[in-house]
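User: Could you take a close look at the helix packing here for me? After that, I'd enjoy a connected tour of whatever strand pairing and chain contact you can describe.

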Amino acid sequence: MVSQSTIKKLVEKKASNLPERLREELFEKLIHYSGKYKLKKAEIEAIIDEVVQEYEQALVEPGEAVGTVTAQSIGEPSTQMTLNTFHYAGVAEINVTLGLPRIIEIVDARKNPSTPIMTVYLDEEHRYSSEKAREVAKRIEGTTLESLARSMTLDILNMEFVVDIDPERLEKSGLTMEKIQAKIERSFKSAEIETEGTTIIIRLKKAKNVSTLRRLADKVKKHRLKGLSGVGKTVIRKEGDEYAIYTEGSNFKQVLKVPGVDPRRTKTNNIHEIAQVLGIEAARNAIIEEIVNTMQEQGLEVDVRHIMLVADMMTLDGIVRPIGRHGIVGTKASVLARAAFEITVQHLLQAAERGELDPLNGVVENVLIGQPVPVGTGIVRLAMKLPIKKAVKEE
Amino acid sequence: MFRYTRFEKARIIGARALQIAMGAPVLINVPEGASPLDAAIVEFEKGIIPITVIRPS
């Protein structure tokens, strides 16, 4: 049996070029297994050697064209997704953009994804009962008069807007008629509100024409009575032994403050929101996770390191930038590289105006002018020692 | 430990093979009938090629 401190020393000595995290993991596993199988010192040494060798095998050599490989590795599976373009699959009753459209959305860093969704996890207190989960969902779910109404009519004769509230939905939403009346009264000073049982009648204070009434009605219909802006329907789903809330629409900043929500696990699929609320590193992780999930959904597997490279490129400036003309390619240092991509003339003219210099450091510009590209063997610079030491006499 | 990447290895052997092909003396005994490339590979493995790489600092 080898003591812990010897293992520690061995790991420190033999695996010194491994990253901290890996070394720790190796150490922990070694302790676990040396206890289990009574490993000898030589065996432990052999294991460490093996690990170090595997690690070095997994490293990318300097000069490797990782970007090209990434493009191919993501591009090829993407061609298999194109057939499923605009395919929607329901998570419960919520629509989610999947497949190629979603990948494009992520890579283009769209400000508003077409189907924003939040996955809200709950704190210890609300996690385990569907009742309590519903309670939290009520706080989040955006409720408008429209969503509560059984019928809405614009009575032109009496210049009234009559809304018949569905009592069942009212009950579910946790609102009361009085509360609704107060809410609307506070937000619409020009309106006169009257409630009768489950009916709400809205009139203009000063009788005007029908179009004014119609405009008011439209506004009142859409007025948020409760919940977070941007959030629509919520669905409660059981995940393992706890309940989680899925929302249509996303308002990440606000949802984290809602009592009952576990802010540490709650997430959204809107990457810009994550960048804003949690910071750029979180956004990077979100990009990776979203792409991996979308790929997995389609039954495709891409090595995470390719996706990590994409996410790194998108976030390395501290803001989320799209890949393409307006993002990464557009901010390349080399004029020729930019001109080779899109809007050639404009870039060349602009560069000429500014007197830009191109040091020809990148790949694209060297391809363009017909030089070896600084990648792979092209990046190696040779030097020869002269004179050669006495040559071995032959003949 | 200093190790050449596979790109560096290719470039060094390539450059050396070219020299040998153009008539440079071989620095070590090579097997009969070896091509310049074979000779360069043998030299590289022995570590006697007088060429190294400049790595960006």
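Analyst: Helix axes are lines fitted to C-alpha atoms over the stretch in contact, and angles run from 0 to 180 degrees between N-to-C directions. Helices (H or I, at least four residues) and strands (E, at least two) are DSSP runs numbered from the N terminus. The model is predicted, with pLDDT of at least 70 required for local features and 80 or more for side-chain atom pairs, while totals for chains, interfaces and linings use all residues. Residues count from 1 along each chain as its sequence is written, and chains are lettered from A and ligands numbered from 1 in the order in which they are written.

Let's start with helix α13 of chain A, residues 280–297. Against it packs α14(A), residues 304–315, at an angle of about 140° and with the two axes 9 Å apart. The pair α13(A) and α14(A) is therefore oblique (under 35 degrees is roughly parallel, over 145 roughly antiparallel, 65 to 115 roughly perpendicular, the rest oblique). From α13(A), the contact (C-beta atoms, placed from the backbone, within 7 Å) takes Ile280(A), Ala283(A), Arg284(A), Ile287(A), Ile288(A), Ile291(A) and Val292(A). Facing them from α14(A) are Val304(A), Ile307(A), Met308(A), Ala311(A), Asp312(A), Met314(A) and Thr315(A). Sorted by class, this contact of α13(A) with α14(A) holds 11 nonpolar, 1 polar and 2 charged residues (Ala, Val, Leu, Ile, Met, Phe, Trp, Tyr, Cys and Pro are nonpolar, Asp, Glu, Lys and Arg charged, the others, Gly among them, polar).

Helix α13(A) also packs with α5(A), residues 99–107, at about 165° with axes 10 Å apart. That makes the pair α5(A) and α13(A) roughly antiparallel, and their crossing is left-handed. Here Arg102(A), Ile103(A) and Ile106(A) of α5(A) meet Ile287(A), Glu290(A), Ile291(A) and Thr294(A) of α13(A). The contact of α5(A) with α13(A) divides into 4 nonpolar, 1 polar and 2 charged residues. Notice Ile287(A) and Ile291(A): they touch α5(A) and also take part in the contact with α14(A).

Now to the strands, which pair if DSSP finds at least two bridges between them. In chain A, an open sheet of 4 strands runs in the order β10-β11-β3-β12 with antiparallel pairing. β10(A) (234–239) and β12(A) (267–268) each have a single partner strand, so one side of each is left without a neighbour in the sheet. β10(A) joins β11(A), residues 242–248, through 6 bridges, and Glu239(A) has Glu242(A) as its bridge partner. Helix α6(A), residues 130–140, lies across β3(A), β10(A) and β11(A), at about 25° to β11(A).

Elsewhere in chain A, β5(A) (149–155) and β6(A) (160–165) are antiparallel partners over 6 bridges, with Leu154(A) bridged to Phe161(A). The two form a hairpin with 4 residues between them, and Met159(A) in the turn has a positive phi of about 55°.

Finally, chain B reads α-α-β along its sequence, and its C-alpha trace spans about 40 × 20 × 15 Å along the principal axes. Its contact with chain A involves 15 residues from chain A and 16 residues from chain B; the chain A side comprises 9 nonpolar, 3 polar and 3 charged residues. Strand pairing crosses between the chains too: β13(A), residues 381–384, and β1(B), residues 51–54, are antiparallel over 4 bridges, with Met384(A) opposite Ile51(B).

Terms used. Contact = placed C-beta atoms within 7 Å. Left-handed = near helix turned anticlockwise from the far one by under 90°.
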